[in-house]
Amino acid sequence: MSEKLLEVKNLHTSFFTDSGEVKAVNGVSFSLESGKILGIVGESGSGKSVTAYSIMQILAGTGKVVEGEILYKGENILNYSKQQMKNFRGKKCSIIFQDPMTSLNPTFTIGNQLMEAILLHTDRNKEEAKARAAEMLTLVGVNEPEKRLKQYPHELSGGMRQRVMIAMALACEPDILIADEPTTALDVTIQAQILELMKDLQKQLGMAIIMVTHDLGVIASMCDEVIVMYGGRVCERGTADAIFYHSSHEYTKGLIRSIPSTQNMKQKLIPIAGTPINLLNMPKGCAFCSRCDNAMKICLEQIPEEIWVGEDHLASCWMNVKKQMEQEKVGASK
Amino acid sequence: MSETKNLVEVKDLKMHFPVKTGWNKTIPLKAVDGVSFDIKPGETLGLVGESGCGKTTVGRTLLHLYKPTSGEFWYNGELVTEKNMPHLRKEMQMVFQDPYSSLNPRMTVEDIIGEPLDVHKLYTSKGERRDKILSLMETVGLNAEHATRYAHEFSGGQRQRIGIARALAVNPKFIVCDEPVSALDVSIQAQVVNMFEELQEKLGVAYLFIAHDLLVVHHISDRIAVMYLGKIVEIADADELNEHPIHPYTTSLLSAVPIPDPNIARTRKRITLEGEIPSPLHSPSGCAFRTRCPYATERCAMECPTLEDRGNGHKVACFNK
């Protein structure tokens, strides 16, 4: 067993809005080992981004972690002081965002923004920081780094900006990189370039990556382990193979059925009925029960617990409990 | 193959936007630069390409939302001009990408769907108008009680349904769908894709389906055209294009699509393109793709390849492949 780098235990994050408490994350737990790529997949409102923001402590003003622990190498970062948190962000754990257009400051040069993190977190002087910035740009495949350092974000294309964001995030060699929909705003050929780059850098630098995305294609090509989220809860977790080939939660199954793939080109897609749940109005039982074809009485009443459905594969769906009970019955009668 | 008459025929369509580069100086931005294709009744032509390749401009130019620089657009044997466009709008409609900004927030669903009926005076009494609206809402899977609500009360998928009902109101034979599912959640996408397919079976409409998601386009389209910098580089039957792509751009585009299957993702070879799409303001001489093409030769810089039929209507514009 390699060491656990990050452990999230029973995380609850809520937003306190005028219309009431919105429970965006509802008891999420997972752990991340160093050098692994963990994928968090879900649709909008599933709480995947809020989970990531909770780890970085960059929630919007109304948001708050109300319960749970986030352990970084055994230390609960929720107890960190402001100064400790500053050290954590950027140096230990970095984040890149979906939209490279709005996450860079338009009034500063690329060099200025890259050097900011380096000057803040290391004891390099200005000259050394600049050299490091140029080195980082070369690492992420930006040509003519010296020239780019003097340019402003609007002079770069979307793919280049995302490369700059990655360079910035990795400048202080963090242990964890959180990527929040890093390629959603990019074209497919540029997306392929960026994903390839992230994989290469991960091998080279050995950091762990948390990949937050709604795109199952990205998950399949990048991740070792996958967490599927719905309505602020984890519904299934396991290796990429387990999730794609032996999915055991009705939501995951529905999700995989509903996307066009090479197998179902000639058939009708099977959509998930209904609309995503309203977080202000959560059902008592399983969050997915109102859209589930196989929902039972118990699904409406009680939140299912996570149970093992295979090696390294957990799902929280009453269907699995039912299946296991039936198997036990058969076993007993024999 | 039976020869049916083409519903839509586009010949050498060009759309150049003037861009000011200095005082009293403009240069043309060649968003669409000589595009030709045809669509049969009840057929779906998928149009794919990266942002900035001009795919959206093609759709908008066809419906005269922009005035085309040159080229011809024949609809059902009739040359489309500015003069006959108003009455042809009854025949062709558009569904937009963003279901949030394409619906008027001050209008009720009833008025949004009813507006095309008003414009083309397609009813004789108020009751008939209401009946038509309600049956349209039923067609796209909305409840009658939604008629008096405003657009903001609906989710993205439902809004897209309102947009589709509005397009269907005039009983069109041809609909331009400009990225109709890219703003929707994955679980909702399939609902809307299925609806497009069902409507086509029921009403026999033809689609020009513009999107960047190649898997969705492959699923819905009969034929697919691939655009790069204002030109179509390859056009073929959907399965043929996916299984035997010829143009180097199509090949790399297809290999870049993340496939939601870990085994395929691990084993397949990626052809990663170097660099990025050049600005259409300064598009390269000759073949526009040559700056990123691994097979580029001197000839590619000198002349521009035209679409050539390689058999079974699989047309490719490339010298070397």
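How many disulfides does a search of the whole structure find over all chains? The count is zero. The model is a predicted one.

**Cysteines**

- A:Cys93 takes part in no disulfide, and the nearest cysteine sulfur, in A:Cys172, lies 13 Å away.
- A:Cys93 counts as buried because its relative accessibility is 0%.
- For B:Cys53, the closest cysteine sulfur belongs to B:Cys287 at 14 Å, which is too far for a bond.
- B:Cys53 is also buried, with a relative accessible area of 0%.

**Four-stranded sheet of chain A**

- Four strands of chain A form an open sheet in the order 2-1-4-5, with antiparallel pairing.
- Strand 2 (20-33) and strand 5 (75-76) of chain A are at the edges; each has a single partner strand, so one side of each has no neighbour in the sheet.
- Eight bridges link strand 1 (residues 4-17) and strand 4 (residues 63-72) of chain A in the antiparallel sense.
- A:Thr13 has A:Val65, in strand 4 of chain A, as its bridge partner.
- Helix 1 (residues 48-56) of chain A packs on this sheet and touches strand 1, strand 2 and strand 4 of chain A.
- The direction of helix 1 of chain A makes about 110° with that of strand 1 of chain A.

**Eight-stranded sheet of chain A**

- A further open sheet has eight strands of chain A in the order 6-7-8-3-9-10-12-11, and its pairing is mixed.
- Its edges are strand 6 (93-96) and strand 11 (307-310) of chain A, each with a single partner strand, so one side of each is left without a neighbour in the sheet.
- From one strand to the next, the twist averages 20°.
- Strand 3 (residues 37-41) and strand 9 (residues 225-230) of chain A run parallel and are joined by four bridges.
- The bridge partner of A:Val41 in strand 9 of chain A is A:Val228.
- Helix 10 (residues 250-258) of chain A packs on the sheet, in touch with strand 9 and strand 10 (233-239) of chain A, and its direction makes about 100° with that of strand 9 of chain A.

**Nonpolar cores**

- The largest nonpolar core has 99 residues, of which A:Met198 and A:Ile210 touch the most other members.
- Helix 6 (residues 158-170) of chain A supplies the largest share of this core, eight residues.
- Beyond its neighbours within four places in sequence, A:Met198 contacts residues including A:Ile96, A:Ile166, A:Leu177 and A:Met222.
- Another core, of 66 residues, lies apart from the largest one and has B:Val216, B:Ile220, B:Val257 and B:Cys287 among its members.

Technical notes:
Residues are numbered from 1 along each chain as its sequence is written. Chains are lettered from A and ligands numbered from 1 in the order in which they are written. This is a predicted model: local features need pLDDT of at least 70, side-chain atom pairs count only at pLDDT 80 or more; totals for chains, interfaces and linings use all residues. Side-chain values use heavy atoms; hydrogens and water are left out. A nonpolar core is a set of buried Ala, Val, Leu, Ile, Met, Phe, Trp, Tyr and Cys residues joined through side-chain atoms within 4.5 Å. Buried means under 20% relative accessible area, exposed over 50%, partly exposed in between (1.4 Å probe, protein chains only). Helices (H or I, at least four residues) and strands (E, at least two) are DSSP runs, numbered from the N terminus. Contact means heavy atoms within 4.5 Å. Two strands pair if DSSP finds at least two bridges between them. Axes are lines fitted to C-alpha atoms, for helices over the stretch in contact, and angles run from 0 to 180 degrees between N-to-C directions. A disulfide is a pair of cysteine sulfur atoms within 2.5 Å.
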